[in-house]
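Please look through the sequence and the model shown here before reading the report.

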Amino acid sequence: MASSTKYIFITGGVTSSLGKGIIAASLGKLLQARGFRVTIQKFDPYLNIDPGTLNPYEHGECYVTDDGAETDLDLGHYERFLNIPTSQDNNITTGRIYNNVITKERKGEFLGKTVQVIPHITDEIKANFYKLGEDGKVDVVITEIGGCVGDIESLPFIEAVRQAKWDLGPNNFLVIHLTLIPYLKAAKELKTKPTQHSVKQLLEAGIQPDILVCRTEYHLPSDVKKKLALFCNVQLNNVIEAMDADSIYDVPLLMKKEKLDERVMTKLKLSSKENTDLENWKDFLGKLKNPTQEVTIGLVGKYVSLPDAYKSIIESFTHAGASIECDVNLRLISSEELNSDNIIQKLTDLDGIVVAPGFGERGFEGKIETVKYARENNIPFLGICLGMQVAVIEYARNVLNLKDANSTEMDPKTSNPVIGLMEEQKNIDQMGGTMRLGSYACDLKKGSKAYQAYGKSKIQERHRHRYEFNNEYLKEMESNGMIATGTNPETGLVEIVEIKSHPWFVGVQFHPEYKSTVLTPQPLFVRFIQAAVDKKIK
Ligand code: GLN
């Protein structure tokens, strides 16, 4: 491991969902703004090799990186805050760790030895902790440990953190514990006991947290801070208050106010290279909070009961909306509730419509009705991945008059498979990691809506799907007005479709939302919102 690299570990206590990912990303942002090169990684304690096979209803969105890794949605926050790409190495699960160790065992790498959690699993975890810091390209590696201290599942990770202190030395190692200070209404008091207990659990595992970041709904009075410092064995000014914020994008500034970055730098003996440069971040926040226009966009999909399933899309609207000072009122609509009888009533006041990515048949016909409504009524439309496939199917059925047109995902026996599997996908019998994943090139047709948005003809976007536009139908589609305006230069696969006669109708086979960041809003989202604004004014 590179000795100059500093390693920060973030653990969580008391309860899940405290926003470790946002704290990690905010600290990363503050250190980056001081001129340090930062990366963030997440270690998840579950046994799946990656979250690609997890249900979005349970786990939220699966985020995809350039190199095609299917990862935890927190990596999306890291990219959106830091504006730098992550990769497979930034997200490791217990499943991957065990898989690596067992593969080595079968190869005979531990010949003669009994393979055990300590040291073999913990060594593998540590090797992965250090990996991103080894090539000297980053100054600080922030590692978020998923789950809560005390969970059986996260024990090997916690043990590896304990050992890492001795590998790295005290000036290169720091633990931040994110915890909750609940407010008891009846007693009118903020309570520190749950935090004391969770720190005790860390201490039992041999880890003394250096900094406590305390999530709270009310300001922490100084006596509460003193009590936390005393009972949790931390320096008083290392007890950091993290009040609930209006927007996740406020958190870096709140943490700066609380001096989280300074406390970290003092402990790690990092001297700041530059003054904090957060000007463009503040500029973004200013526009986000002072919009001059407003639109209502419908996001139609089947996972709407858990908005985290559409995390990157929702954040893309925040970035793109702010860039043109437009407040995007995003309405999540369940496609299962939509049919030809209620579609007008349900979608009538929308300025723009998105049909979301997804898998499987449920809610599919509601999506078809949604596309038909947007197409026939000249409502700005963005179809993402499955949303693009639905747009193609709807066009084939209702304009080309191929009434049974479908995707072979929904109807394997359809006589008009306008969306189907590529030959190389047909023999795949494993589900994990076997889709078209990661970044692919796409050439744009000059004059298209997509070309206008990107302002160039060669782009790269990230994919996560199995099915593709069937090029046997391309000619007929194009002669009837649905044009392939983006294609893969190597395979000829259709990546974007547009309807020539419609004010703004774009379907993309890729996921533009994965590349939107605070400082570089995704161009298709910007143009789509602008089209919705234009429609509203008319
Ligand atoms: N289910 C579709 C496919 O596999 C679309 C996937 C998606 O929307 N991400 O091709």
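The sections below take up the ligand, the annotated positions and some backbone details.

## Basis of the model

This is a predicted model, in which local features need pLDDT of at least 70 and side-chain atom pairs count only at pLDDT 80 or more, while totals for chains, interfaces and linings use all residues. Residues are numbered from 1 along each chain as its sequence is written, and side-chain values use heavy atoms, with hydrogens and water left out.

## The ligand and its surroundings

The shell around the ligand consists of Pro357, Gly358, Phe359, Cys385, Leu386, Gln389, Glu409, Arg464, His465, Arg466, Tyr467 and His511; a residue is counted as near a molecule if one of its heavy atoms lies within 4 Å of it. By residue type, this shell divides into 5 nonpolar, 4 polar and 3 charged, where Ala, Val, Leu, Ile, Met, Phe, Trp, Tyr, Cys and Pro count as nonpolar, Asp, Glu, Lys and Arg as charged, and the others, Gly among them, as polar. Helix H15 (386-398) and strand E19 (458-465) each supply at least two residues of the shell, helices (H or I, at least four residues) and strands (E, at least two) being DSSP runs numbered from the N terminus.

On a 1 Å grid over the protein atoms alone, a pocket is an open set with protein on both sides within 12 Å along at least five of seven lines, a cavity is a set of points where a 1.4 Å probe fits but cannot get out, and lining residues have an atom within 4 Å of a point.

## Positions annotated in UniProt

An unreviewed UniProt entry lists Asp74 and Glu144 for "binding site". Although spread over 71 residues of sequence, these two cluster in space, with a largest C-alpha distance of 9.4 Å, and the lining of the largest pocket includes both Asp74 and Glu144. Asp74 belongs to helix H3 (residues 74-82). Such annotations may be inferred rather than shown by experiment.

A further "binding site" annotation in the unreviewed entry covers Ser16, Lys191, Thr192, Lys193, Pro194, Thr195, Gln196 and Lys227. They span 212 residues in sequence, and the farthest two C-alpha atoms are 23.2 Å apart, so they do not all gather at one spot. Of these residues, Ser16 is included in the lining of the largest pocket. Ser16 lies in the loop between strand E1 (6-12) and helix H1 (20-33), whereas Lys227 is found in helix H8 (residues 222-232).

## Backbone details

Two further places concern the backbone. The peptide bond from Ile118 to Pro119 is cis, with omega near 15°, and Pro119 is placed in helix H5 (residues 117-131). Val14, in the loop between E1 and H1, has phi near 75°, a positive value in a residue other than glycine.
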